[in-house]
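Let's take a walk through this structure together, one neighbourhood at a time. Have the sequence and the 3D view side by side as you read.

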Amino acid sequence: MQIRTLIVDDEPHAIEILLKYTANIPEIRIVATCSNAIEAFQVLQRHEVDLLLVDIKMPGLTGTDLVRSLKSPPMIIFTTAYHEFAVEGFDLNAVDYLVKPIPLNRFLRAIDKVMHQVKGKTGVFEERPDTPALLPVKHFLYLRIDRQTVKVDTEDILWIESIKDYIKVVTRQKIYVAKQKISVVEKLLPMDQFLRIHRSFIVPETKVEGYNPNYLVIAGSRIPIGRNYKQACAEKFNVRPAP
């Protein structure tokens with residue numbers, strides 16, 4: 001059984017964080033993401049939802065107003081930047097209440113509570129088929145493009161470039177352009193695999209084909225190394241930095 005989940009938040013970055021967190025939890029299936037409570041209400045009328053990850057303070061209808069409008073609400077995890085809404089959230093029988101910025105370990109604790117509730121009702125998580133002890137972890141970057149959330153496998157990324165208020169995510173198959181800050185995207189990437197080499201460039205280490213004190217070569221293209229990043233790049237590639 002999968003837990004059908006709806007994410008509701010008026011902040012695209014907050015949705016991206018939750019999508020990243022849930023991407024590697026096989027029991028969680030995202031039904032949709034919504035930027036306001038009215039849109040979420042409409043989705044809830046059309047789809048079966050087991051778990052609602054909902055921000056409280058949103059323009060117009062609040063997250064708590066949304067929950068009160070539902071005759072049979074699903075399991076609820078409230079997310080908010082405001083501590084003062086906690087009592088109200090738990091009065092609505094929320095499974096948990098998460099304060100932004102939400103650490104991954106705190107999010108996983110909340111999902112664990114959800115799974116225990118599901119297990120207590122159905123027992124579906126008590127017996128699971130044997131699986132290998134270690135499975136490859138897939139990472140995805142979620143981009144908001146033309147009012148849609150686009151899922152990009154980080155293994156396909158050649159480099160990410162910042163262009164003013166936009167980023168360009170370059171893959172072998174396609175180039176994605178999204179209105180996003182590179183500093184925000186940097187936090188969403190598995191940084192043990194990616195390297196910031198310039199105020200405007202992030203690259204995956206495994207795609208680097210060549211090193212020069214002033215640039216890296218990826219897929220035949222030269223990606224500049226910023227002055228403030230030369231020392232770190234030199235140490236990463238075990239060479240002496242240029243003077």
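Let's begin at Ser162, which sits in strand 8; helices (H or I, at least four residues) and strands (E, at least two) are DSSP runs, numbered from the N terminus. What you are looking at is a predicted model, in which local features need pLDDT of at least 70, side-chain atom pairs count only at pLDDT 80 or more, and totals for chains, interfaces and linings use all residues. Residues are numbered from 1 along each chain as its sequence is written, and side-chain values use heavy atoms, with hydrogens and water left out.

Is Ser162 buried or exposed? With a relative accessible area of 18%, Ser162 is buried; the word buried means under 20% relative accessible area, exposed means over 50%, and partly exposed is in between (1.4 Å probe, protein chains only). Leaving aside neighbours within four places in sequence, Ser162 is in contact with Ile167, Ile182 and Ser200, where contact means heavy atoms within 4.5 Å.

Move on to Lys164, in the loop between strand 8 (157-163) and strand 9. Most residues other than glycine have a negative phi, and most peptide bonds are trans. Lys164 has a positive phi of about 55° although it is not a glycine, and its relative accessible area of 82% makes it exposed. Ala219 also has a positive phi, of about 50°, and is not a glycine. You will find Ala219 in the loop between strand 14 (215-218) and strand 15 (221-224), where it is partly exposed at 35% relative accessible area. As for peptide bonds, the one from Lys100 to Pro101 is cis, with omega near -5°. Pro101 belongs to the loop between strand 5 (96-99) and helix 5.

Now look at Thr171, in strand 9 (residues 166-171). Thr171 is buried, at 7% relative accessible area. Which backbone atoms does the side chain of Thr171 reach? One is the backbone nitrogen of Gln173, at 3.3 Å, and another is the backbone oxygen of Lys174, at 2.7 Å. Such a polar contact is a pair of N or O atoms within 3.5 Å; within protein, one must be able to donate a hydrogen and the other to accept it, and residues adjacent in sequence count only if both atoms are side-chain atoms. Not counting residues up to four places away in sequence, Thr171 touches Val152, Asp156, Ile157, Leu158 and Tyr176. Thr171 and Trp159 are 12 residues apart in sequence, with their C-alpha atoms 7.3 Å apart in space.

Gln180 counts as buried, at 14% relative accessibility. The side chains of Gln180 and Glu16 are joined by a polar contact of 3.0 Å. Residues that Gln180 touches, not counting those up to four places away in sequence, include Asp165, Tyr166 and Val185.

Next come the aromatic rings. Rings of Phe, Tyr and Trp (its six-membered ring) pair if their centres lie within 6.5 Å; planes under 30 degrees apart count as stacked, over 60 as edge-to-face and the rest as tilted. By this rule there is 1 aromatic pair. The ring centres of Tyr21 and Phe107 are 5.4 Å apart and the planes lie at 45°, so this pair is tilted. It links distant parts of the chain, with Tyr21 in helix 1 (residues 12-23) and Phe107 in helix 5 (residues 104-122), 86 residues apart. Tyr21 counts as buried at 15% relative accessibility, and Phe107 is buried at 0%.

Let's finish with helix 2 (residues 37-46), where Ala37, Ala40, Val43 and Leu44 are buried. Why do these buried residues line one face of helix 2? Seen down the axis, they fall within an arc of 115°, so they line one face of the helix; the arc is that of the directions from the helix axis to the C-beta atoms. On the other side of helix 2, Gln45 and Arg46 are exposed. The buried residues of helix 2 pack against strand 1 (3-8), strand 2 (28-34) and helix 3 (63-68). At the start of helix 2, a side-chain oxygen of Asn36 comes to within 3.2 Å of the backbone nitrogen of Ile38.
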